[in-house]
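Trainee: I would like to go through the terms used for this structure and the values behind them.
Mentor: Ask about each in turn.

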Amino acid sequence: MGSAGALRPKQPRNTWLTGAAAAVMLFLYAVARAIAPWSPKRGAGLVFGVAATVVIVFEMAYPLRRARARPLGTAQRWLQAHVYLGVLALLAVLIHTGFRAPGGLMGWSLLLLSAWTTVTGLVGVWLQKWLPAVMAEGLRVEALYERIPALVQHLVEEADALVVNASDALERFYTTEVRGRLAAVEPSWLYLLDVRAGRERALEPFRRMITFVDPEEKEIVNDLMTIRMEKMDLDVHYSLQGVLRRWLIVHVPPAALLMALLVLHILAWAVY
Amino acid sequence: MSDTSDRAALRQRYERRMQLMVPAEADLLARQALFAGIPEKARPKVIEKVRRYIHLVRFEEGDIVLREGEYSDSAYYVVEGGAEVVLTRESESRPLLRGGAHVPGAQRPGARPEAAAFIGRGAAGLSGTVMLSALPAELTTGNKTLGPGEIFGEIGALSRYPVSATVRARNPLTVLQIRLPGLRMLLASSKDFKKSVEERYRQRVLARHLRQVPLFARVEDAFLEDIKRRAELVSFEPGQVIAEEGSDADAFLLVVGGYVKVSVRAGSSDLALTYLRKGDYAGESALLLEDQWPFALQALEHVEVVKLTREMFRAVTAAYPDIEDELWSQAVARLKARGALKRNPVSSEYVQMAMETGLIHGESVLLIDLATCTRCDECVRGCADAHGGEPRFVREGQKYRRWLVPTACYQCTDPVCMIDCPTGAITRQVGTLEVTIDQPTCIGCSNCANRCPWGNIIMVEKDEKRADGKNVEVATKCDLCLTRPEGPACVQMCPHGSAVRISFKDLDRVTSTLT
């Protein structure tokens, strides 16, 4: 799947339903606005504000899916609801404001946090669809993220064992050109652009070396080359699985802050 | 009694049993009638070869030798004393028995219809399956006594059906426990022994097995008796060719044990079309069309086949036009599949993979689509939540194209893990898929874990000390979240729908899911 392919929805029906709901919301907004001046504090403006709050509270309940998945069936349904309702929540917030710039710091904070949370969520959805597909297509090895450092260590040991009785030339080649690249996990952002980035260049020394060694050592060079490729696969896994785990940092804390500010916003509205 | 003392007592009994189990001496074996059928010249050599698979086991009065519903890989030959075969009345305890994977979901006691989607059994997968297990094959009800010179358990061991009756020591009992490889050696070496086993199988089991094959379900008893009398029973070694593509077809074959690969030649390669298992048959296309074998058949493991001659086959189709119709439908479907495979050879890839890896045994195999899996481990967390914090599978395993086969129990059709559990802790209830381990009864002997060919049973240390100061270990495995009405948590908790469970019985679904 290309990065563009990752934009295709998994459940097109949900996309259509969300689109339809958005159209209805905009229609209601247009009608309400035509009937009376728009205010977030009363009438339809307030209704949209309340609706946005309810949806945001539901969005915040996403971690409860493990214990309470039953009413919505599967975790997949929870995620689908989380994603699509999140988009509708942002639209409800915008309608609540009457598509006007907020008046104060609190208003701006709420609006920007809503937008940020939604956009980072959608970026996360895209990453979650794109990265697994490129990993499945481009890598031969599959590994658990937590075990990757140990697996790398294992590869080094395997490679060390291969050259124990090797010729001086091969041992020197291993020590100077190979071992250093095997010794530790080497994550790289480049892998986001191409999971096979740097592979040809990394294999070039092996191809050169294989022409110089004795026939009985060619097998060792081939094995070292395989180990190097597996190591690169592990590097890619470490980089991309790391991204899949860490993108939540830009999504969850702002969402928690949004929730806290929302509580203050509601209290302020109730008091004043 | 607490779980701890239960476990200690069970372990003590197991250790005592192991002490009572000694390798059989050649002299003792040579005296047994069991070996009389082997030509005298060859006898010492055969005994020497087979001896390592034979143990002399002693049982106290009342001890259970074989438990109804369990799987066994051994035959027992009575040397001294008496054994009592006890068959419970069907109405009494049938649902509590172990064994029996071949029952459609709707017929399963306590089945979870809402979980059907998670356990991967489409209706198509159930066609042609037979319920051969856990039925009273040899007796109706009541007890029977076996004395010196008599053998029991051989049919279950050879056919891998659950034991059909409990056998216990009537008085102090000494038996030769003959493990499956030894049993097979004996069958190959002694014509008399082979003949007697075949005869017993024919007399006691064959008619019942034939009756349970849908094809023969409507055949009259007298007709079935005739088939039973005249059918030939043939065994094949793993890898042995059963039929060559293009050779003359002279028989209809009904598989009663093991797996058979069905393949076609395409250029220099051999394309896997499908596989046959218990209750499946082959040969109908060639016999109906009066043609040669359109496929090659090869034994994937030890295979037991019932062979009907062309004449018997014709007699069946002449007497039962509806059977002939069914066979024609099957023949057309197979020939169509053969044509499709030849046009698109790549489609055989997953069938071939399933055969090579043993996935064909799986009734509910967990697969993860790596192209959509975000490696979030929600499946593992869901599993742990459902099992008191201890996950029952590892998200690591073989990768085939974009699919990962994690280290999770396949819930095999013939669960070899259930053979040799000394306490009966590992069970499968009649008509269910789930092979479960009762933790309080498990003594941590590792027999099941060692037997699982795929390492899908994991030994876990408990916070409980054994008498020798070491931590108690118990075997754990996936139980398909037996107590969750929603079905397996791994599938339900995957936010991306990447975790699926499929039965490799249902080849259509396997192919459509994986490709």
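Predicted model: local features only at pLDDT ≥ 70, side-chain atom pairs only at ≥ 80, totals over all residues.

Mentor: Residues are numbered from 1 along each chain as its sequence is written, and chains are lettered from A and ligands numbered from 1 in the order in which they are written.

Trainee: Why is α2(A) called roughly antiparallel to α4(A)?
Mentor: The axes of α2 (residues 43-60) and α4 (residues 75-97) of chain A come within 8 Å and cross at roughly 150°. Axes are lines fitted to C-alpha atoms, for helices over the stretch in contact, and angles run from 0 to 180 degrees between N-to-C directions. Angles under 35 degrees count as roughly parallel, over 145 as roughly antiparallel, 65 to 115 as roughly perpendicular and the rest as oblique. The crossing angle therefore makes α2(A) roughly antiparallel to α4(A).

Trainee: Which residues of α2(A) and α4(A) make the contact?
Mentor: Among them are A:Phe48, A:Ala52 and A:Val55 of α2(A), and A:Leu85, A:Ala89 and A:Ala92 of α4(A). Contact requires C-beta atoms, placed from the backbone, within 7 Å. The residues of this contact comprise 12 nonpolar, 5 polar and 1 charged; Ala, Val, Leu, Ile, Met, Phe, Trp, Tyr, Cys and Pro count as nonpolar, Asp, Glu, Lys and Arg as charged, and the others, Gly among them, as polar.

Trainee: What makes β19 and β25 of chain B edge strands?
Mentor: Each of β19 (394-400) and β25 (499-502) pairs on one side only. They belong to an open sheet of 4 strands in chain B, ordered β19-β20-β18-β25 with antiparallel pairing. Its twist averages 40° from one strand to the next.

Trainee: How do you know that β19(B) and β20(B) pair?
Mentor: Two strands pair if DSSP finds at least two bridges between them. Here β19(B) and β20 (residues 403-407) of chain B have 5 bridges, in the antiparallel sense, so they meet the requirement. B:Lys399 has B:Leu404 in β20(B) as its bridge partner.

Trainee: What joins β13(B) to β14(B)?
Mentor: The antiparallel strands β13 (residues 260-266) and β14 of chain B are joined by 7 bridges. Opposite B:Val264 stands B:Leu271 in β14(B). The open sheet here has 4 strands in the order β11-β16-β13-β14, and its edge strands are β11 (241-243) and β14 (269-276).

Trainee: Why does B:Lys465 count as exposed?
Mentor: A residue is buried if 20 or more other C-beta atoms lie within 10 Å of its own, exposed if 12 or fewer, and partly exposed in between. B:Lys465 has 12 C-beta neighbours inside 10 Å and therefore counts as exposed. Its place is in strand β23 (residues 458-465) of chain B. Not counting residues up to four places away in sequence, B:Lys465 touches B:Asn471 and B:Val472.

Key
Helix = DSSP H or I, 4+ residues; strand = E, 2+ residues; numbered from the N terminus. Contact = placed C-beta atoms within 7 Å.
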